[in-house]
Amino acid sequence: MSGIFTSLAVMLSPRGIEAAGYGAGLGGAAFMVMLVLAALVSVCTARSMDKLSSGELRATPVDRVAFGFLDVARFFTLTVLAVSWLGIAGNTVNEIFLSLFSPLAASFFILALAVWACFLCKKYAGDLFGGSLTLAFVFFLYMVIMVDQPGSNGMGYPVQLPQFFSPLLPAGLAESGIMGWLQLVFLSVLAFIGFDLPLVFENKSSRAYPAIFMILVVFALFSWTSLLVETPDGLLESTLPQLKVAAHILNGKGVLLMGGTIIFATFAAIFGLFQLFGHRLRKIVAESYSGYAVRGAAVFVGVIVALMLANGWADKDELESLISAGLCFWFGSYALIDLLGIVAMRRAGRFYLPRFLTLGLHLIAAVVCCLNIEFSNYFLYAVGCMAVAGAVLGLTVKDYCDYPPLEEVDHDDLPSEDSEESESEQSDPVHDDPEDEELNIVSYN
């Protein structure tokens, strides 16, 4: 369940909710349709990752490089996003709960709490992680359901569409033209960023489905709620649309629920980031040190994030260029895997035409990340470093490159069950060494 929870924590992070709010303001009801399409695209890409990483389908002899790119994109993007998450959470603590607690101190406290949780035993750490994520999800879901009915004193979803929620498509979307639709695609795909994280822990695409479905439901409800209580222009002009929407819910008490969502989701996302680093690090270091992988990763990444916070990166415009670079590379890695999936399915004689839609949406999301980059030097440097690091990982680390040769996965050449049985009958029997019985070791003669 750790992979599902980690994926859910990243998608429910403050920037994820912010993307849903901006999407509702930009596209109105069209954004809800795009959320459904983006969820289906995420499922298709997860299936391609499953088939390609297991070797069941192969497109080229170097498919593994795509997964090296993907891992580098994950870790870089989540690290710089963590700085932004903590900045938002620190301001939330200061403005909503404790005005005497400075935003920077609150950010450091949440970060230190996440690092400390990684030093607890596995049971207590899992309970703390699961509990904080559950609270964040419940707070968010309760807030979007208990919306104040426009024009009445009741609470809960109205039975009919209010007059100011018409037309369904905001006028700004038509005025922005093709760029508005491209931005809408980007926001819908961004809402599901990190859907693939369960596959890091367990190579089964089905593990990604629950988080995708839950995020689809709550973000669609939040988009509907946002349009009930705020105008599209009001959502687009707000720095944090989720807090502006929450101010209209439960007679203003929705701000407390949204503040709790931001804080608990930030802690869960930071903790999940440490677990991801530790899981990958465990496969690289020597087995005698694998037990310390998560703690080492928490300290290493925690120091990097702390240094960026101390230097004021949470409020710098340069951080947005780094985030854009990471997202561009992440979406590009998705698109590369989609392309490899199409080639592999074509080689296997399977129906692959719908996968072109998946490839197209991820390419659009990657291209939109490149628009309006204020600090292009940061962007280009980050993308270049990720490309080099991804190629090195994909070509050298055994976890990526230990695949069967390409010709072994050709379906026409796969051995039948009868031939496998005959080969097993003809093979030499294995004899156990009596001296190894107590240790349960089998020696082969």
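Phe 267 and Phe 271 both belong to helix H13, which spans residues 254–282, and because they are four residues apart there, about one helical turn separates them. In this predicted model, the two residues form a stacked aromatic pair, with ring centres 6.3 Å apart and 25 degrees between the planes. The pair counts as stacked because its planes are under 30 degrees apart. Phe 267 and Phe 271 are both buried.

Phe 375 and Tyr 378 pair in another way: their ring centres lie 6.0 Å apart and their planes stand at 85 degrees, so this pair is edge-to-face. Tyr 378 has a relative accessible area of 30%, so it is partly exposed.

A search of the whole structure finds 16 aromatic pairs. Aromatic residues also gather in a cluster made up of Phe 186, Phe 195, Trp 330, Phe 331 and Tyr 334.

The second topic is helix packing. Two packed helices are described by the angle between their axes and by the distance between those axes. For helix H2 (residues 14–27) and helix H4 (residues 64–97), the axes come within 9 Å and cross at roughly 80 degrees. An angle of 65 to 115 degrees counts as roughly perpendicular, and H2 and H4 are therefore roughly perpendicular to each other. On the H2 side, the contact is made by Pro 14, Arg 15 and Glu 18, while H4 contributes Leu 81, Ser 84, Trp 85 and Ile 88. Sorted by class, the residues in the contact of H2 with H4 are four nonpolar, one polar and two charged.

Notes
Residues are numbered from 1 along each chain as its sequence is written. This is a predicted model: local features need pLDDT of at least 70, side-chain atom pairs count only at pLDDT 80 or more; totals for chains, interfaces and linings use all residues. Side-chain values use heavy atoms; hydrogens and water are left out. Rings of Phe, Tyr and Trp (its six-membered ring) pair if their centres lie within 6.5 Å; planes under 30 degrees apart count as stacked, over 60 as edge-to-face and the rest as tilted. Helices (H or I, at least four residues) and strands (E, at least two) are DSSP runs, numbered from the N terminus. Buried means under 20% relative accessible area, exposed over 50%, partly exposed in between (1.4 Å probe, protein chains only). Axes are lines fitted to C-alpha atoms, for helices over the stretch in contact, and angles run from 0 to 180 degrees between N-to-C directions. Angles under 35 degrees count as roughly parallel, over 145 as roughly antiparallel, 65 to 115 as roughly perpendicular and the rest as oblique. Contact means heavy atoms within 4.5 Å. Ala, Val, Leu, Ile, Met, Phe, Trp, Tyr, Cys and Pro count as nonpolar, Asp, Glu, Lys and Arg as charged, and the others, Gly among them, as polar.
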